[in-house]
Amino acid sequence: MVFFFEFLLFGLSVGIFGTMVGAGGGFILTPVLLLLFPDRPSEIITATSLSVVALNALSGSTAYYRLGRIDIKTSLIYGLVAAPWVILGTFVTSQMERGSFDILLGLGLMALCISLFWGPPPTSEPSSSENTETRSWTERRIVDSDGRVYHYRFRFRLGIAVSTGLGFLASFFGIGGGPLYVPLMIRALRIPVHVAVATSQFLILITDSTAVFSHFLQGNLHTMGDVILPLAIGVIVGAQAGAVISGKLKSTTLTRIFIVLLALISVRLLYQGFTAVFI
(Lines give C-alpha, C1' and ligand atoms only; values in the text may rest on other atoms or scores of the structure.)
Protein backbone atom coordinates (compact mmCIF):
# COMPACT_ATOMS: atom_id res chain seq x y z
CA MET A 1 0.00 0.00 0.00
CA VAL A 2 2.90 2.36 0.81
CA PHE A 3 4.44 1.52 -2.57
CA PHE A 4 1.19 2.43 -4.35
CA PHE A 5 0.79 5.69 -2.41
CA GLU A 6 4.39 6.78 -3.06
CA PHE A 7 4.08 6.32 -6.81
CA LEU A 8 0.66 7.96 -6.75
CA LEU A 9 2.19 11.11 -5.24
CA PHE A 10 5.09 10.91 -7.67
CA GLY A 11 2.65 10.69 -10.57
CA LEU A 12 0.71 13.67 -9.23
CA SER A 13 3.90 15.76 -9.16
CA VAL A 14 4.88 14.64 -12.66
CA GLY A 15 1.41 15.49 -13.95
CA ILE A 16 1.46 18.98 -12.45
CA PHE A 17 4.97 19.98 -13.53
CA GLY A 18 4.89 18.17 -16.86
CA THR A 19 1.66 19.80 -17.97
CA MET A 20 2.57 23.17 -16.50
CA VAL A 21 5.62 23.48 -18.77
CA GLY A 22 4.11 21.50 -21.66
CA ALA A 23 6.72 18.75 -21.49
CA GLY A 24 4.42 15.87 -20.60
CA GLY A 25 6.54 14.81 -17.62
CA GLY A 26 8.69 12.26 -19.41
CA PHE A 27 11.84 14.30 -18.83
CA ILE A 28 11.18 13.83 -15.09
CA LEU A 29 9.70 10.35 -15.09
CA THR A 30 12.23 8.49 -17.25
CA PRO A 31 15.38 9.56 -15.32
CA VAL A 32 13.73 8.85 -11.96
CA LEU A 33 12.60 5.39 -13.08
CA LEU A 34 16.11 4.72 -14.37
CA LEU A 35 17.40 5.60 -10.89
CA LEU A 36 14.80 3.55 -9.00
CA PHE A 37 15.11 0.46 -11.21
CA PRO A 38 18.80 0.13 -12.20
CA ASP A 39 18.35 -3.54 -13.11
CA ARG A 40 15.62 -2.98 -15.72
CA PRO A 41 16.47 -2.70 -19.44
CA SER A 42 16.17 0.71 -21.02
CA GLU A 43 13.32 -0.37 -23.31
CA ILE A 44 11.21 -1.44 -20.30
CA ILE A 45 11.80 1.89 -18.55
CA THR A 46 11.03 3.95 -21.66
CA ALA A 47 7.89 1.91 -22.39
CA THR A 48 6.65 2.45 -18.83
CA SER A 49 7.42 6.16 -18.94
CA LEU A 50 5.83 6.71 -22.34
CA SER A 51 2.63 4.94 -21.33
CA VAL A 52 2.24 7.19 -18.29
CA VAL A 53 3.20 10.32 -20.24
CA ALA A 54 0.61 9.47 -22.89
CA LEU A 55 -2.08 9.45 -20.20
CA ASN A 56 -0.70 12.69 -18.81
CA ALA A 57 -0.85 14.21 -22.29
CA LEU A 58 -4.45 12.99 -22.71
CA SER A 59 -5.49 14.64 -19.46
CA GLY A 60 -3.47 17.78 -20.17
CA SER A 61 -4.76 18.05 -23.73
CA THR A 62 -8.32 17.83 -22.47
CA ALA A 63 -7.67 20.66 -20.03
CA TYR A 64 -5.91 22.82 -22.61
CA TYR A 65 -8.66 22.15 -25.14
CA ARG A 66 -11.20 23.53 -22.70
CA LEU A 67 -8.93 26.55 -22.25
CA GLY A 68 -8.80 27.00 -26.03
CA ARG A 69 -5.00 27.22 -26.42
CA ILE A 70 -4.20 24.23 -28.67
CA ASP A 71 -3.27 24.66 -32.34
CA ILE A 72 -4.90 21.36 -33.31
CA LYS A 73 -4.11 21.48 -37.03
CA THR A 74 -0.39 21.97 -36.44
CA SER A 75 -0.27 19.19 -33.85
CA LEU A 76 -2.00 16.69 -36.13
CA ILE A 77 0.30 17.36 -39.09
CA TYR A 78 3.49 17.25 -37.04
CA GLY A 79 2.34 14.08 -35.27
CA LEU A 80 1.53 12.22 -38.50
CA VAL A 81 4.89 13.17 -40.02
CA ALA A 82 6.77 11.98 -36.91
CA ALA A 83 4.86 8.70 -36.40
CA PRO A 84 7.11 6.36 -38.47
CA TRP A 85 10.23 7.69 -36.77
CA VAL A 86 8.62 7.33 -33.37
CA ILE A 87 8.11 3.63 -34.08
CA LEU A 88 11.74 3.28 -35.21
CA GLY A 89 12.92 4.85 -31.96
CA THR A 90 11.22 2.16 -29.87
CA PHE A 91 13.21 -0.54 -31.63
CA VAL A 92 16.57 1.26 -31.40
CA THR A 93 16.21 1.75 -27.64
CA SER A 94 16.49 -1.99 -27.02
CA GLN A 95 19.95 -1.99 -28.61
CA MET A 96 21.49 0.37 -26.04
CA GLU A 97 23.27 -0.60 -22.82
CA ARG A 98 21.88 1.05 -19.70
CA GLY A 99 24.97 3.08 -18.80
CA SER A 100 25.40 4.48 -22.29
CA PHE A 101 21.69 5.21 -22.50
CA ASP A 102 21.79 7.20 -19.24
CA ILE A 103 24.75 9.26 -20.43
CA LEU A 104 23.18 10.08 -23.78
CA LEU A 105 19.91 11.13 -22.16
CA GLY A 106 21.74 13.25 -19.57
CA LEU A 107 23.79 15.01 -22.25
CA GLY A 108 20.70 15.62 -24.34
CA LEU A 109 18.81 17.20 -21.46
CA MET A 110 21.82 19.33 -20.52
CA ALA A 111 22.14 20.58 -24.10
CA LEU A 112 18.50 21.62 -24.08
CA CYS A 113 18.98 23.36 -20.76
CA ILE A 114 21.97 25.34 -22.04
CA SER A 115 20.22 26.33 -25.25
CA LEU A 116 17.26 27.68 -23.32
CA PHE A 117 19.48 29.51 -20.82
CA TRP A 118 21.60 31.30 -23.43
CA GLY A 119 18.95 31.73 -26.08
CA PRO A 120 17.15 35.01 -26.74
CA PRO A 121 13.80 35.67 -25.08
CA PRO A 122 10.90 34.14 -27.03
CA THR A 123 8.92 36.41 -29.31
CA SER A 124 5.71 35.78 -31.19
CA GLU A 125 6.35 38.09 -34.15
CA PRO A 126 9.30 38.10 -36.57
CA SER A 127 11.96 40.71 -36.02
CA SER A 128 12.80 43.37 -38.60
CA SER A 129 15.68 41.30 -39.97
CA GLU A 130 13.27 38.44 -40.66
CA ASN A 131 10.64 40.41 -42.54
CA THR A 132 11.84 39.13 -45.89
CA GLU A 133 11.05 35.56 -44.81
CA THR A 134 7.55 36.10 -43.49
CA ARG A 135 5.82 35.23 -46.74
CA SER A 136 6.65 31.58 -46.12
CA TRP A 137 5.46 31.74 -42.50
CA THR A 138 2.02 30.54 -41.42
CA GLU A 139 -0.37 32.83 -39.60
CA ARG A 140 -2.57 31.74 -36.70
CA ARG A 141 -5.12 33.49 -34.54
CA ILE A 142 -6.22 31.70 -31.37
CA VAL A 143 -8.62 33.08 -28.77
CA ASP A 144 -8.63 31.17 -25.49
CA SER A 145 -11.50 30.73 -23.06
CA ASP A 146 -10.42 33.82 -21.10
CA GLY A 147 -10.67 35.99 -24.20
CA ARG A 148 -6.91 36.31 -24.58
CA VAL A 149 -5.94 36.65 -28.26
CA TYR A 150 -2.81 34.98 -29.69
CA HIS A 151 -2.21 36.39 -33.17
CA TYR A 152 1.16 35.31 -34.53
CA ARG A 153 3.20 34.01 -37.45
CA PHE A 154 5.46 30.98 -37.20
CA ARG A 155 7.73 28.72 -39.27
CA PHE A 156 5.25 25.93 -39.98
CA ARG A 157 7.33 24.27 -42.73
CA LEU A 158 10.43 24.18 -40.54
CA GLY A 159 8.41 22.31 -37.92
CA ILE A 160 7.46 19.67 -40.47
CA ALA A 161 11.09 19.23 -41.48
CA VAL A 162 12.41 18.64 -37.97
CA SER A 163 9.50 16.69 -36.48
CA THR A 164 10.87 13.45 -37.90
CA GLY A 165 14.13 13.69 -35.96
CA LEU A 166 12.45 14.95 -32.81
CA GLY A 167 9.91 12.13 -32.96
CA PHE A 168 12.71 9.58 -33.12
CA LEU A 169 14.65 11.13 -30.22
CA ALA A 170 11.56 11.49 -28.05
CA SER A 171 10.67 7.84 -28.54
CA PHE A 172 14.25 6.59 -28.21
CA PHE A 173 14.86 8.41 -24.92
CA GLY A 174 11.34 7.78 -23.60
CA ILE A 175 10.86 11.42 -22.60
CA GLY A 176 7.70 11.92 -24.65
CA GLY A 177 8.97 14.83 -26.72
CA GLY A 178 8.01 17.76 -24.49
CA PRO A 179 11.61 18.85 -23.72
CA LEU A 180 12.20 18.81 -27.48
CA TYR A 181 8.93 20.16 -28.85
CA VAL A 182 8.51 23.08 -26.44
CA PRO A 183 11.96 24.68 -27.09
CA LEU A 184 11.49 24.09 -30.83
CA MET A 185 8.11 25.79 -30.90
CA ILE A 186 9.25 28.72 -28.77
CA ARG A 187 12.76 29.38 -30.09
CA ALA A 188 12.79 28.15 -33.68
CA LEU A 189 9.17 28.23 -34.84
CA ARG A 190 8.37 31.41 -32.87
CA ILE A 191 5.09 30.26 -31.34
CA PRO A 192 3.94 32.12 -28.18
CA VAL A 193 4.86 30.24 -25.00
CA HIS A 194 1.36 29.51 -23.74
CA VAL A 195 0.21 28.26 -27.14
CA ALA A 196 3.42 26.21 -27.52
CA VAL A 197 2.89 24.57 -24.13
CA ALA A 198 -0.69 23.60 -24.93
CA THR A 199 0.02 22.50 -28.51
CA SER A 200 2.97 20.44 -27.33
CA GLN A 201 0.67 18.46 -25.03
CA PHE A 202 -1.58 17.42 -27.91
CA LEU A 203 1.41 16.58 -30.11
CA ILE A 204 2.84 14.44 -27.29
CA LEU A 205 -0.48 12.62 -27.05
CA ILE A 206 -0.24 11.65 -30.74
CA THR A 207 3.41 10.59 -30.79
CA ASP A 208 3.42 8.86 -27.39
CA SER A 209 0.31 6.86 -28.20
CA THR A 210 2.10 5.63 -31.31
CA ALA A 211 5.19 4.70 -29.29
CA VAL A 212 3.17 2.94 -26.59
CA PHE A 213 1.38 0.82 -29.19
CA SER A 214 4.74 -0.16 -30.68
CA HIS A 215 6.14 -1.08 -27.25
CA PHE A 216 3.01 -3.10 -26.51
CA LEU A 217 3.52 -5.16 -29.66
CA GLN A 218 7.15 -5.77 -28.60
CA GLY A 219 6.04 -6.98 -25.14
CA ASN A 220 7.71 -4.17 -23.18
CA LEU A 221 4.66 -3.23 -21.10
CA HIS A 222 4.05 -6.50 -19.28
CA THR A 223 6.52 -6.26 -16.38
CA MET A 224 5.81 -2.98 -14.53
CA GLY A 225 2.03 -2.85 -14.25
CA ASP A 226 2.20 -2.24 -10.49
CA VAL A 227 4.14 0.96 -11.22
CA ILE A 228 2.12 2.16 -14.19
CA LEU A 229 -1.26 2.09 -12.38
CA PRO A 230 -0.53 4.52 -9.50
CA LEU A 231 1.57 6.73 -11.75
CA ALA A 232 -1.25 6.89 -14.29
CA ILE A 233 -3.83 7.89 -11.68
CA GLY A 234 -1.51 10.57 -10.33
CA VAL A 235 -0.62 12.15 -13.67
CA ILE A 236 -4.23 12.29 -14.85
CA VAL A 237 -5.20 14.29 -11.77
CA GLY A 238 -2.02 16.37 -11.75
CA ALA A 239 -2.32 17.32 -15.43
CA GLN A 240 -5.60 19.10 -14.79
CA ALA A 241 -4.01 21.22 -12.06
CA GLY A 242 -0.90 21.85 -14.17
CA ALA A 243 -2.91 23.26 -17.06
CA VAL A 244 -4.68 25.73 -14.77
CA ILE A 245 -1.43 26.81 -13.08
CA SER A 246 0.27 27.28 -16.46
CA GLY A 247 -2.21 29.94 -17.53
CA LYS A 248 -1.56 31.95 -14.37
CA LEU A 249 2.22 32.14 -14.81
CA LYS A 250 4.21 34.54 -16.98
CA SER A 251 6.05 33.19 -20.04
CA THR A 252 9.45 33.94 -18.49
CA THR A 253 8.47 32.07 -15.33
CA LEU A 254 7.51 28.97 -17.31
CA THR A 255 10.83 29.05 -19.15
CA ARG A 256 12.84 29.40 -15.94
CA ILE A 257 11.03 26.50 -14.27
CA PHE A 258 11.77 24.38 -17.32
CA ILE A 259 15.49 25.27 -17.23
CA VAL A 260 15.90 24.48 -13.53
CA LEU A 261 14.19 21.10 -13.81
CA LEU A 262 16.26 20.14 -16.84
CA ALA A 263 19.52 21.10 -15.13
CA LEU A 264 18.88 19.15 -11.93
CA ILE A 265 17.73 16.01 -13.70
CA SER A 266 20.45 15.99 -16.35
CA VAL A 267 23.25 16.30 -13.76
CA ARG A 268 21.87 13.42 -11.71
CA LEU A 269 21.44 11.25 -14.78
CA LEU A 270 24.95 11.96 -16.04
CA TYR A 271 26.38 10.94 -12.67
CA GLN A 272 24.44 7.69 -12.75
CA GLY A 273 25.48 6.90 -16.31
CA PHE A 274 29.19 7.58 -15.80
CA THR A 275 29.15 5.56 -12.60
CA ALA A 276 27.66 2.57 -14.41
CA VAL A 277 30.10 2.73 -17.33
CA PHE A 278 33.40 3.66 -15.71
CA ILE A 279 33.19 2.43 -12.10
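**Close-up views of a predicted model**

Phe172 has a relative accessibility of 6% and therefore counts as buried (under 20% relative accessible area, with a 1.4 Å probe and protein chains only). The model is predicted: local features need pLDDT of at least 70, and side-chain atom pairs count only at pLDDT 80 or more, whereas totals for chains, interfaces and linings use all residues. Residues are numbered from 1 along each chain as its sequence is written, and side-chain values use heavy atoms, with hydrogens and water left out.

View 1. The whole structure holds 8 aromatic pairs (rings of Phe, Tyr and Trp, the last by its six-membered ring, with centres within 6.5 Å; stacked if the planes are under 30 degrees apart, edge-to-face if over 60, tilted otherwise). Phe101 and Phe173 make a tilted pair, with 6.0 Å from centre to centre and 50° between the planes. Because Phe101 belongs to helix H5 (residues 98–118) and Phe173 to helix H6, this pair ties together parts 72 residues apart in sequence; helices are DSSP runs of H or I with at least four residues, and strands are runs of E with at least two, numbered from the N terminus. Phe101 and Phe173 are both buried. Phe168 and Phe172 are stacked, because their ring centres are 6.0 Å apart and their planes meet at 5°. These two residues, Phe168 and Phe172, are 4 residues apart in helix H6, which means a separation of about one helical turn.

View 2. Strand E1 (residues 138–143) and strand E2 (residues 149–154) run antiparallel and are joined by 6 bridges (strands pair if DSSP finds at least two bridges between them). Val149 in E2 is the bridge partner of Val143. The hairpin has 5 residues between its strands, and Gly147 in the turn shows a positive phi of about 85°. On E1, Thr138, Arg140 and Ile142 form the covered face, while Glu139, Arg141 and Val143 form the uncovered one. In a regular strand, side chains alternate between the two faces of the sheet.

**View 3. An aromatic cluster and a charge over a ring.** Tyr78, Tyr152, Phe154 and Phe156 belong to one aromatic cluster. Arg140 lies over the face of Phe156, at 5.9 Å from the ring centre (a charge sits over a ring if NZ of Lys or CZ of Arg is within 6 Å of the ring centre and within 35 degrees of the ring normal).

Notes: Buried means under 20% relative accessible area, exposed over 50%, partly exposed in between (1.4 Å probe, protein chains only).
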